[in-house]
Amino acid sequence: MPESVSNPPESRVIDLLDARRTDPIVCLSHLRWNFVFQRPQHLLSRFAATRTVLVFEEPLPVEAGAAMGVDLRVCAASGVVVATPRLPDGLDGPSRNAVLRQLLDEAMAAQDIERPVLWYYTPMMVPVARHIEAAAVVYDCMDELANFRFAPPELTTLERELFASADVVFTGGHTLYEAKKALHDNIHPFPSSVDRTHFARARSMATDRANGRPRLGFFGVIDERMDLELISRVAEARPEWDFEMVGPLAKIAPHDLPQHPNLTYPGQKSYDDLPGCLARWDVALMPFAINESTRFISPTKTPEYLAAGRPVVSTPVRDVIRHYGELEAVRIAATAEEFVAGCAAMLALTHSTDRAWLAEVDEALSTLSWDRTLLRMTVLVDAAARKRSTPAAPAKAAPAAWPPIRRSHYDALIVGAGFAGSVLAERLASEGRHVLLIDRRPHIGGNAFDKLDAAGVLIHQYGPHIFHTNSADIFQYLSRFTEWRPYEHRVLADVAGQQVPMPINRTTLNTLYGAGLKSDAEAEAFLASRAEPVERIRTSEDVVVNAIGRELYETFFRGYTRKQWGLDPSELDKSVTARVPTRTNTDDRYFTDTFQAMPKHGYTRMFENMLDSPRIHIETGVEYRDVVDEVLYDRLIFTGPIDEFFDHRFGRLPYRSLRFQHETHDREVFQPVATVNYPDEATPWTRITEYKHLTGQAHRRTSVTYEYPAADGDPYYPIPRAENQALFKRYEALAAERPDVTFVGRLATYRYYNMDQVVGQALAAWRRLSPVAQEGATRVAASGTAVI
């Protein structure tokens, strides 16, 4: 089963990580490395491809006649170094921790590890490792350990200490994230992923099923999280079925296990053996007790079962319901009777000739990848390490307090304090260059500027800005200046008296037409039946009509496009509507990028952090023409409209503008998602955005923005028509004759870029400019010109 396009293959992930920090990782675990039912193996094995990884695992008793010490071995499959402490029986409390500290130091010294990333899986290891100078501290919080049977009383106190010292916290699922998010300001949910290729082997493996009896199974730890009474009642209710419970016992005695002729306990299996177990089963089980120990779990086995092509019956675990409850192949059962009925239904599904449920499973798993999880975690961990290694910056100065006195000379004058100008200012200043950054608006941040409105709600002054990118480099760069709030954007379109997902997906089609489409193939056939082939695709209208037909084009695209651009789609370049996909699956996210998040404290704060340098002098509320002849500079960087720079010599480049109507309402929620589109041409606005969905702000009131496209006003969108591009090319030729000026950004290059693309363009421009800036500084030094 290949990875989806959005999930880079492992070799590509390794390439991406090769350019990252390579701080060694010391993992502090309360379990054994060869324990196969946990995510540390998946993640740390991948980390070991690019850096040293030492796992300090649960101690074992010292062998008779041997001295206590630490055993070191290298995992042949992954390269992870596993350290197993050996302790005498009866050693506990402070004495035990003191010995473990010594053994941990010995293990690190043997591997030449200094300033590692300390990666905790349990707070109980804090007394053992708190003395180590760390590059960063990570708490990968997989469960609410305090709720487990026999949890030590000091665990809660140690977890509070770990939250206080951690640079970044990960949680094993969204339910646990929601319970913990108030405890840390850099916490991120990472639900379990899956090695789909490994478990998909079960689909094609031959198995011996001579007796022909249905077989149902579970693999995992058999501990207090299991509903033993449920297992017993289900096995007793269906003696014609065989049940297999694979895994080690923990905190349960063998005589406590239910005993029935059709119920077996084969013990622990290796990771490589698990697909073979699944191949023997018709249905996979998750008979968890619903109690405090399972309140926050997000079982890894759910996607593993599904990847193997096995339907699942589970008790009502919250994260299973949240992520998989709507799949046909997952049945949620709260009682023994419901569990038996669910198993019967899933057995029927397994043997059905209709395989639409399996296609739905593959679609649901298509965005899950340990490699993708690794990449996202790496960006966050490296950002935390970088922040810890950087001396604390002085308190941020408010814009009004920026130095009023200019220098006599600057390495660069940058016009425009949006993404393009600010990124270039920060990069040049990081090399020791002095920059004058100006903007005609009274603030920094360009169109991404956000602020608290009169009601105290954080709004985006110039309409919603949602950050998303597939570039780990760009996300990592911006992570230097902000922490992130995970956010995936969802949009509804108000059509035919109801609100449906946009971009069009299978849910949209089923809602509008009652089509009952159950698979990608059915949705694709439905759209194909409505498509009207266009011999030569030249316009935006051609793109949509050719793909999905005129009815859907008129419902979703024609009116919205006419409002947005002031032109009929038949008059616009095909690139306009080509940006909006049509999906045959049920993915209702507006974007599918690997990195989707919002600056935790807003865009303006991010820009303030980016520009917080004594080498950057900022002036807002000033015009370029009023400054350019008053200062000396080596390089001019212009991010404004290119036609304005050349005094509109060939005429004005056409832009579409926007008018914003901001409103505050005396209720907590205005609409179900952040943005609702209004394609109907009779509705004067194109969309309404409610910002609290984006920012996560808690407030008793809410603020929204109505967007009205306009012909006049600030330039927002270059109008994509052939004649406009031809006009731009004339200005581009003028720009080529000005090697002393660098043109960067949307307006200067007359392109509709997303924010990440502007950042990428600015970083590329900086790499080209660095030698130029160096030459300028050398000339000034050689001339003896005073720099004050």
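Q: Which residues line the largest cavity?
A: In this predicted model, the lining of the largest cavity consists of His188, Phe190, Arg376, Leu380, Phe475, Trp484, Pro486, Phe595, Gln596 and Ala597. The elements that contribute two or more residues to this lining are α14 (370-389), β21 (484-486) and β24 (595-599). Of these, β24 gives the most, with 3 residues.

Q: How many cavities does the whole structure hold, and what is the volume of the largest cavity?
A: The search finds 6 cavities of 30 Å³ or more. The largest cavity has a volume of about 100 Å³.

Q: How do the residues of the lining of the largest cavity divide into nonpolar, polar and charged?
A: The lining comprises 7 nonpolar, 2 polar and 1 charged. Arginine counts as charged, and Arg376 is among the lining residues.

Q: Why does phenylalanine 56 count as buried?
A: The term buried requires a relative accessible area under 20%. Phenylalanine 56 has 0% relative accessibility, and therefore counts as buried.

Q: Where does phenylalanine 56 lie, and with which residues is it in contact?
A: Phenylalanine 56 belongs to strand β2 (residues 53-56). Leaving aside neighbours within four places in sequence, its contacts include Cys27, Leu28, Ser29, Val70, Leu100 and Met125. The C-alpha atoms of phenylalanine 56 and histidine 30 are separated by 8.7 Å, although the two residues are 26 residues apart along the chain.

Q: What makes helix α22 mostly covered?
A: Helix α22 (residues 603-610) has 6 buried residues out of 8. The buried ones are Tyr603, Thr604, Met606, Phe607, Glu608 and Met610.

Q: Why is aspartate 112 called exposed?
A: A residue is exposed when its relative accessible area is over 50%. Aspartate 112 has a value of 69%, so it is exposed. Aspartate 112 is placed in the loop between α3 (93-110) and β6 (117-120). Its phi is near 55 degrees, a positive value in a residue other than glycine.

Q: Why does aspartate 647 count as exposed?
A: The cut-off for exposed is over 50%. Aspartate 647 has 58% relative accessibility and therefore counts as exposed. Aspartate 647 is found in the loop between α24 (642-645) and β27 (655-665). Although aspartate 647 is not a glycine, its phi is positive, at about 55 degrees.

Q: How do you know that the charged end of arginine 659 sits over the ring of tyrosine 708?
A: One requirement is that CZ of Arg be within 6 Å of the ring centre, and the other is that it be within 35 degrees of the ring normal. The charged end of arginine 659 is 4.2 Å from the centre of the ring of tyrosine 708, and it is found to sit over that ring. Arginine 530 likewise lies over the face of tyrosine 513, at 4.2 Å from the ring centre.

Q: What links Tyr624, Phe638, Phe645, Phe646, Phe650, Tyr731 and Phe743 into a cluster?
A: Ring pairs link these residues. Two rings pair if their centres lie within 6.5 Å, and by this rule the count comes to 37 aromatic pairs.

Q: Which peptide bond is cis, with omega near 5 degrees?
A: The bond from methionine 502 to proline 503 is cis, with omega near 5 degrees. Proline 503 is in the loop between β23 (498-502) and α17 (506-513).

Definitions and conventions. Residues numbered from 1 in each chain as written. Predicted model: local features only at pLDDT ≥ 70, side-chain atom pairs only at ≥ 80, totals over all residues. Heavy atoms only, no water. Phe/Tyr/Trp six-rings, centres within 6.5 Å; stacked < 30°, edge-to-face > 60°. Helix = DSSP H or I, 4+ residues; strand = E, 2+ residues; numbered from the N terminus. Buried < 20%, exposed > 50% of the residue type's maximum accessible area, 1.4 Å probe, protein only. Contact = heavy atoms within 4.5 Å. 1 Å grid on protein atoms, 1.4 Å probe; cavity = no way out; pocket = protein on both sides within 12 Å on 5 of 7 lines; lining within 4 Å. Points joined across faces, edges and corners; volume = space filled by probe spheres on them.
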